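Dear colleague,

I am passing on the structure we talked about, and I have set out below what turned up when I went through it. Please read the notes with the model open beside you.

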Amino acid sequence: MAIGFAPETTSVTSSRRAGRHRTVEPSEWTAAGIPLLINPREVVTDLHTRHLPAPGTAVVAVYSPDGRLTASASFAQRPGVTDGWERRNAILSHLRRVTADDLRRRRPVRTAVLLVCRDGDAGWTEVDGAWMWGLRDACSLYGLRPGSYITLTEDGWRVQGEDRTGRTPNATSWTATSRGAASLRPSGTPPLRRAAAR
């Protein structure tokens with residue numbers, strides 16, 4: 001699994017200026033120079049296998065510069081939250097449980113990716129905008145680079161802001177097995193420290 005890095009840009013406008021709700025529009029996300037996933041299907045499949053997210057679950061994952069998954073956590077999400085402040089706090093809380101921060105580094109080298117399993121249409125929503133703002137701000141406060149924001153719905157998965165999609169896995173794939181995520185870890189991959197607060 002590998003992550004390609006898009007060139008960084010300073011064209012991001014602070015969402016705080018946009019209004020009361022801290023949110024990010026897809027066009028703003030695209031303009032931010034977010035690192036691109038070379039193989040998003042592989043990333044989504046791996047995170048799904050490890051955490052088996054059902055609707056109402058978010059998964060935050062941290063990747064090393066060479067694209068290795070170093071830590072991940074799954075957690076329940078409050079429905080309908082459209083302010084990124086709360087989303088940011090949830091992401092930070094779970095990052096702290098599974099990995100140390102990189103604040104001592106001069107520049108971020110690790111990348112955080114967020115996968116949110118939810119009901120509804122696969123297109124961007126205001127709730128997604130809050131998650132994107134939360135991921136970006138949490139990464140800034142934790143010394144990480146914000147990576148892709150991925151939604152998982154009944155229709156499949158979508159990398160928001162890039163519009164790369166796939167049909168499987170999807171939001172109902174977790175019902176296909178009754179085994180725990182840990183037992184589904186592919187052979188040869190190191191165990192990850194996880195926080196699963198569902």
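W157 of strand β7 has G166 as its bridge partner in β8, and this pairing belongs to an antiparallel arrangement in which three bridges join β7 to strand β8, residues 164-166. Please bear in mind throughout that this is a predicted model. Between β7 and β8 there is a hairpin with four residues, and in its turn G161 has a positive phi of about 85°. The hairpin that joins β6 to β7 runs through two residues, and T153 has G156 of β7 as its bridge partner.

As for the whole chain, the protein contains four helices and nine strands, which follow one another in the order β-α-β-α-β-β-α-β-α-β-β-β-β. Of its 198 residues, 49% count as buried, and of the contacts with a separation of 6 or more, 70% are between residues 24 or more positions apart. The accessible surface comes to about 9,500 Å², and carbon and sulfur atoms account for 50% of that area.

Which aromatic rings pair with each other? A search of the whole structure finds one aromatic pair, made up of F75 and W131, whose ring centres are 6.2 Å apart and whose planes meet at 55°, so that the pair is classed as tilted. Because F75 lies in strand β4 (residues 69-76) and W131 in helix α4 (residues 126-142), the pair ties together parts that are 56 residues apart in sequence. F75 counts as buried, at 1% relative accessibility, and W131 is likewise buried, with a relative accessible area of 1%.

Two arginines lie over tryptophan rings: R88 is over the face of W85, at 4.3 Å from the ring centre, while R22 is over the face of W133, at 6.0 Å from the ring centre.

Lastly, helix α2 (residues 40-51) has twelve residues and reaches 16 Å from its first C-alpha to its last, which is close to the 16 Å expected at 1.5 Å a residue. After α2 comes L52, which has a positive phi, near 45°.

Terms used
Residues are numbered from 1 along each chain as its sequence is written. This is a predicted model: local features need pLDDT of at least 70, side-chain atom pairs count only at pLDDT 80 or more; totals for chains, interfaces and linings use all residues. Side-chain values use heavy atoms; hydrogens and water are left out. Buried means under 20% relative accessible area, exposed over 50%, partly exposed in between (1.4 Å probe, protein chains only). Contact means heavy atoms within 4.5 Å. Accessible areas come from the Shrake-Rupley method with a 1.4 Å probe; for residues, only the protein chains shown count as cover. The expected span of a helix is 1.5 Å times one less than its number of residues. Rings of Phe, Tyr and Trp (its six-membered ring) pair if their centres lie within 6.5 Å; planes under 30 degrees apart count as stacked, over 60 as edge-to-face and the rest as tilted. A charge sits over a ring if NZ of Lys or CZ of Arg is within 6 Å of the ring centre and within 35 degrees of the ring normal. Two strands pair if DSSP finds at least two bridges between them.
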